[in-house]
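Me: I am new to this structure and would like to learn how to read its features one at a time. Could you take me through them slowly?

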Amino acid sequence: MDPSTVPDASTGAASMDPSSVPDASTAAEVAATSADPSPASDASSSAAGAGAAAEDLAGAVAGMTLDERFDLLMSIGEECIQPDELKRLLQNKPVPICYDGFEPSGRMHIAQGIVKTINVNKMIRAGCKVKIWIADWFAQLNNKMGGDLKKIQTVGRYMIEIWKAAGMNLDGVEFLWSSEEINSRANEYWPLVMDIARKNNVKRITRCCTIMGRADNEELTAAQIFYPCMQCADIFFLKADICQLGMDQRKVNMLAREYCDDIKKKLKPIILSHHMLPGFKEGQEKMSKSDPSSAIFMEDDEAQVNVKIKQAFCPPNIVEGNPCLEYIKYIVFPWFERFEVVRKENNGGNKTFLSMDELIADYASGALHPADVKPALAKAINEILKPVRDHFNTSNEAKVLLNTVKKYRVSS
């Protein structure tokens, strides 16, 4: 689960941050953040819709060849383990199950919002059913939001609200809250977790703790050491055929494949790991919400996006390690299938790039300058984010969720 995120876990009730200042809107805020927020209310409606939609998934891809479906899924991953297994899966199973998950840990940045939307929509177009695991218990184990489950679940609902507004195709998506699902099927889940723990030593499990954004030499709580065993169990608990997570989750996905060897299970989960977008500052390998200036948040206004991109690291002629070019490659091109640069005639005039290779060639040669790239990138990102901003400006419930989440202190 991307760590970029229950006293009584069965209730799932969320509430306002008690530190919020009471005002005339308090009653509305309480209603929006605690009126049956039950993770179950979101998940059950999602499950119902996803169940009906799943029946149509196989028919929806009838016009696609096996190779087209395979290529579409492969376009998601920076790495696939193993491509031949993926092709066999598509041949033998009409509607494979893809699993993704996230810790609700604060405001959502664009990598989590838009890249996930792009990838989920590709998986659905390829005929997959997508299970998105809202890892509220995991966020609590990892001490997100100070371990306050109610806050964590409020953040989870805010994130679902963003994906709806961003254009995620929810017809093939099922949102599942870990606290609800684990409690309802505890007799399946905990024996699996214990068996995984029993078959691995502490050193092997500790190596997986980077999935939580923790260094493997960091002093960890017992809860954090338990976390990888649970995340590994999630894959089998959800009956996932494909694990579609970031490269930062690779170690625990490999642990799941090794566990299959231990229990003599022939069909292993396929790992389809997507690229991790860097932060805007030099040398930042991964976008971090703990450094607001290095990341674009999904509800940032136009001026904030413009300032962040204007200040971004973008050295002339240098392609490798250039975050602005990565945003173009992994967000703008998949979204628009083009990149439009507007500039004066004496600077080369307007140009529409139809491939990343063409853009890289111009940038490396100096024909395309950072002063050309940054305004064009900001314009494209603002266009992508506009429906999300509009939603949070016009929906009272969404607005209250956002204002509540903004008051929460992001914990490491």
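**Reading the helix packing and the backbone**

Reply: Helix 9 and helix 11 are oblique to each other, and this holds for a predicted model. The angle behind that word is about 125°, at which helix 9 (residues 186–198) and helix 11 (residues 222–237) pack with their axes 9 Å apart. Helix 9 passes helix 11 in a right-handed crossing. On the side of helix 9 the contact includes Y189, W190 and L192, while among the residues of helix 11 that take part are F226, C229 and M230.

Me: How are two packed helices described, and where do helix 7 and helix 16 cross at roughly 125°?

Reply: In general, a pair of packed helices is described by the angle between the axes and the distance between those axes. Here, helix 7 (residues 149–166) and helix 16 (residues 370–394) have axes that come within 8 Å and cross at roughly 125°. Helix 7 is therefore oblique to helix 16, and the crossing in which helix 7 passes helix 16 is right-handed. The residues that meet are Y158, E161, I162, A165 and A166 from helix 7, and P387, V388, H391 and F392 from helix 16.

Me: What is the make-up of the protein as a whole, in helices and strands?

Reply: The protein has 17 helices and 8 strands. Of its 412 residues, 55% are buried, and the protein exposes about 17400 Å², of which carbon and sulfur atoms supply 52%.

Me: Which residues of helix 12 are buried, and how should I read such a list?

Reply: The general idea is that an α-helix has 3.6 residues a turn, so residues three or four places apart point the same way. In helix 12 the buried residues are V252, N253, L255, A256, R257, Y259 and C260. Helix 12 spans residues 250–262, and its 13 residues reach 19 Å from the first C-alpha to the last, close to the 18 Å expected at 1.5 Å a residue. Just after helix 12, K264 takes a positive phi of about 60°.

Me: Is I110 buried or exposed, and which residues is I110 in contact with?

Reply: I110 counts as buried because its relative accessibility is 0%, and its place is in helix 5 (residues 110–125). Leaving aside neighbours within four places in sequence, I110 is in contact with V115, M287, I296, M298, Y327, I331, I381 and L385.

Me: What should I look for in the backbone, and which residues does a cis peptide bond join?

Reply: A cis peptide bond joins I81 and Q82, with omega about 0°, and Q82 is found in the loop between strand 1 (79–81) and helix 4 (83–92). Phi is another angle to read, and K239, a residue other than glycine, has a positive phi near 55°. K239 lies in the loop between helix 11 and strand 5 (242–243), and K239 counts as exposed because its relative accessibility is 53%.

How values were computed: Residues are numbered from 1 along each chain as its sequence is written. This is a predicted model: local features need pLDDT of at least 70, side-chain atom pairs count only at pLDDT 80 or more; totals for chains, interfaces and linings use all residues. Side-chain values use heavy atoms; hydrogens and water are left out. Helices (H or I, at least four residues) and strands (E, at least two) are DSSP runs, numbered from the N terminus. Buried means under 20% relative accessible area, exposed over 50%, partly exposed in between (1.4 Å probe, protein chains only). Accessible areas come from the Shrake-Rupley method with a 1.4 Å probe; for residues, only the protein chains shown count as cover. The expected span of a helix is 1.5 Å times one less than its number of residues. Axes are lines fitted to C-alpha atoms, for helices over the stretch in contact, and angles run from 0 to 180 degrees between N-to-C directions. Angles under 35 degrees count as roughly parallel, over 145 as roughly antiparallel, 65 to 115 as roughly perpendicular and the rest as oblique. A crossing is left-handed if the near helix is turned anticlockwise from the far one by less than a right angle, and right-handed if clockwise. Contact means heavy atoms within 4.5 Å.
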